[in-house]
Amino acid sequence: MNIPLIKSCCTDEKPVLSDGLWSSVGDQTNPCRWDGEQWASFVKYLGAKGVAVQEGRADSSVYVSDAGGLAHGMPHGVVRPSSSEDVSEVLKAAQIYQVPVTTRGGGLTTEGESIAFGGLLLDMSPLNRVLAVDPSEMTVRTEAGIFWHQLAETLRRDGLDYLSAPLNLTSSVGGTLGVGGIDINSPRLGCSADQCLALKVVTPTGEIIECSEKNNSELMDRVLLGYGQFGVITEATLKIRPFTPIIMKYFYYSSLRTAMEDLQFIAKEDCADYSGILTIMDRAINLLVAFDSDERESQFNLRWRKQLRGHGEAGFGLRAAGYYLSRPWKFQEASYLIGRRLKLFPEFTRPEYMHENKIVDRTVVFSRAVWKFWGGSKMVIPDLAAPQEKFIEAVERGNEVCRRYFRHYTLYCVGIKLSNRRERYEMSCIPPDAQDIAFGCEFEPMLRDTNYSRDYLQSFKNEIYDIGVDMGLSYYRFGGMMKGYIRKVFGDDLVDRHLAMKKKADPAMILNRDVIF
Amino acid sequence: MLRKKKERKGHEACSGCGVCLLSCPVWHGTRAMSLTRKARAKAVQGGASYEEIRHAIDACLLCGACEKACPEGIGLFDMNMHQRQELNRQRSVYPRWYPGGNMEPRCNGGNPKTGSLLLAGEMLGRDKDLCDAVIGLLGGPNRTAAAVDDGQEIARFMEAGLALDTERVDRFIMSLRPAGSLIVAEGLLHRPLRKWLPDKKILGPGEALLSTGPLRSCIGPEDLYMIESRGYHSDHERLVLFYDRLRRETGCQTNLDLQRTAISTGASSLQGRTDLKAAGCIDNAKRILKGRRVRRIVVEDLADAEAFRQATDIPVIHVGLLGSRDN
């Protein structure tokens, strides 16, 4: 079959708005990238196949942006599939009529990857049934449009839980597997994609294929961490575990370097079930560790606690008080620190989510906190992923950039244990030279009430990403608006090889265009 | 210095996180993103008129869960009501579930002078034996009496977003003033009553009945306890702790999700009262039961009882019958 490449276009009707107007509501701030040729025939064809396309503004407007809130685009229409077969029909038709198809789960991308700038938007969220729970094998088979929260809700009724997932209630399973999925237990358990045992995938040409590490493993490795380029995940089999409330401990540091060294120590010694760094400021750093059982906590207290250089809250508070009392001109900084502490910490200990000093629903607690304190109508979260030996330097350099651009920002650092499936890590967030474990850091400015221009935010992201290019690192968010970095960081040979694979798998290049290629 | 009252955020504050839809019975029932609270916020941000999103406004069951789930603290419940009011100004054709008639009470006369008044609402008010049983459990007629005017017509009009007759509302409020506390079965009335009568203690029948020990002991791990969602979400900060304690003490299961919002069947909504099936209430009841091993369902709201009876063979009883011999 000789399918011509889809035509790109930039319509003049809705050009990119200038920065001065970027917050105007109702306008498409990014150009449509497809001129709608053959749309009517495409819709008619799908209708004849029993797949309805919603074309009204009320149906489409909910998809106008993503969690980043910086890119805006409208699809020509939306399909809410009810089966893998529906997805298959959509992709087959899209190849024939050369209609770009953008898949969307929770829409939690930050660089516009799940926004359709014209073409069809495939809203995967209706595919959200849990198909089978197997407590003897400790696996679950689920449709991939399901949000992790829904999955947790279902598993909890059997006293079970998933292994690891993003700290976000509305991330979808399919979307997460496509990019990795990092949790604070990833230093022990790896990313969500590595906990996947089997997939049902609809290829860009509409074939429905079952794959696992034994069966069609090449496709499995292309789709996991594949940024949606090689197929649409419609079902997944995941490892699960017994549900346990967690015991959380916090250590406080005034030195970012010391905190990062301790984070790496925890990962290396495997002394906690969960670990991560969350900063309030770069001289108020919180290293959190958590345990699934009292035994693990006791073991930690006995063997490793004293080797960590962080302080408890009281100890850190006294030191901070001494520091700020001798520097009265830093009153505003101290006030910010206290205010943040007072607002943030009660959220992690809300009585309804606690039982006997353990956090019962960590998914909910963390996700609510993430949205409440770090969320907003606009978010930029550039990140760096580094092998162990380059991590500290990368974060320190990134921190310097943050300091120049923003008064307040947060760094979130976590380790990611690597599996031996190296193929799937190629051209992904996992740095090519990482062995056994990688570390990632997100640099998140607190944008809340300040309306920064897009140029300013883009410059900030570029400076962070330039560190990655300079040090030979990788990124979690290299798609969409940041795709200009793909060749710089991965090199032409690798990108061209993947592009050739993509062209072979997706002749008309319809699936998730402009995310990577 | 007077502290400035914190302003509730509006649609513009919606970041689109989608946490609200996890608790939305309409989304769970239809999987239609366009009918969700998030979609309405995004559509309004994008300049859509209420007329353009009327299907979403009309689909809302007003359970109140989205407001409690929203991490931005947007006043979603009032916004939902407001949208209905505004939509009514623009349209001439109403959905078939809109209430007809007027707001006058079905019975006239003054309320008895007792410590507590039971505002039974439509469903409980219809079942005189159950009403008497509830009053008995609440200390008998000397301590609790059924209100002659329980405001159910006012609740209907409010839910539909229709204009309220202020004189009628004033008469209703006046009739409640002598009572020490109000036990209100119609969850939608909890919010306005707290505003109109800020000094009054407003309780749902479940909380009022289960605050005493004997009834709590009648609930066990094999029970699914259905919390009435509208009243619960109207006083969430307090009630989440009350029901969490109930769950721990009795081992019962509840319809609270992991976010501690109450999953609603939607049966007490205007749509549900008109057609349980079409409003998705029976499917919602099935979803609440999915994967649970329960032998009895205890409901605070009689409307839920009907939805569960159509969804399952598991026995359903009202909380007011917990202590009776047959249960």
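## Contact between the chains

In this predicted model, chain B places 29 residues in contact with 39 residues of chain A. On the chain B side, the elements that give two or more residues are α2 (37–45) and α14 (236–250). Of the elements of chain B, α2(B) gives the most to this side, with 5 residues. By class, the side of chain B that touches chain A consists of 12 nonpolar, 9 polar and 8 charged residues.

## Chain A overall

Chain A contains 17 helices and 17 strands. Its radius of gyration is 23 Å, close to the 24 Å that the globule rule gives for 517 residues, so chain A is as compact as a globular protein of that length.

Buried residues come to 52% of the 517 residues of chain A. Of the contacts in chain A with a separation of 6 or more, 70% are between residues 24 or more positions apart.

## Domains of chain A

The domain assignment divides chain A into domain 1 (130–242) and domain 2 (247–482). The centres of these two domains, taken over C-alpha atoms, are separated by 25 Å. Across the boundary, 23 residues of domain 1 of chain A are in contact with 27 residues of domain 2 of chain A.

On the domain 1 side, α4 (148–156) and α6 (186–189) of chain A are the elements that give two or more residues. The largest share, 4 residues, comes from α6(A). This side of domain 1 of chain A has 14 nonpolar, 6 polar and 3 charged residues.

## Strand β9 of chain A

Strand β5 (residues 139–143) of chain A pairs with β9(A) in the antiparallel sense over 5 bridges. In this pairing, Glu143(A) stands opposite Glu235(A) of β9(A).

Two further strands of chain A also pair with β9(A). Strand β6 (residues 160–162) of chain A runs antiparallel to β9(A) and is joined to it by 3 bridges. Tyr162(A) has Ile240(A) in β9(A) as its bridge partner. Strand β7 (residues 196–202) of chain A is likewise antiparallel to β9(A), with 6 bridges between them. Here Cys196(A) stands opposite Leu238(A) in β9(A).

## Chain B overall

The secondary structure of chain B comprises 17 helices and 8 strands. For chain B the radius of gyration is 19 Å, close to the 20 Å that the globule rule gives for 327 residues, so this chain is as compact as a globular protein of that length. Taken along the principal axes, the C-alpha atoms of chain B fill a box of roughly 55 × 50 × 50 Å.

Of the 327 residues in chain B, 53% are buried. Contacts between residues at least 24 apart make up 70% of the contacts in chain B between residues at least 6 apart in sequence.

## Domains of chain B

Chain B is assigned domain 1 (11–90), domain 2 (116–203) and domain 3 (212–321). Between the centres of domain 1 and domain 3 of chain B, taken over C-alpha atoms, there are 23 Å. In the contact of this pair, 13 residues of domain 1 of chain B meet 18 residues of domain 3 of chain B.

Both α1 (25–30) and α4 (65–69) of chain B supply at least two residues of the domain 1 side. Of the elements on this side, α4(B) gives the most, with 4 residues. The side of domain 1 of chain B that touches domain 3 of chain B divides into 7 nonpolar, 4 polar and 2 charged residues.

## The nonpolar core

In soluble globular proteins, nonpolar side chains tend to be buried together. The largest nonpolar core of this model has 243 residues, and the members that touch the most others are Val90(A), Ile277(A), Cys413(A) and Leu119(B).

Leaving aside residues up to four places away in sequence, Leu119(B) touches Ala147(B), Asp150(B), Gly151(B), Leu182(B), Ile183(B), Val184(B), Ala185(B), Glu186(B) and Leu189(B).

Key: Residues numbered from 1 in each chain as written. Chains lettered and ligands numbered in written order. Predicted model: local features only at pLDDT ≥ 70, side-chain atom pairs only at ≥ 80, totals over all residues. Core = buried A, V, L, I, M, F, W, Y, C linked by C-beta atoms within 7 Å. Buried ≥ 20, exposed ≤ 12 C-beta atoms within 10 Å, placed from the backbone. Contact = placed C-beta atoms within 7 Å. Nonpolar A, V, L, I, M, F, W, Y, C, P; charged D, E, K, R; others polar. Pairing = 2+ DSSP bridges. Domains from an automatic or database assignment. Rg over C-alpha atoms; globule rule 2.2 N^0.38 Å.
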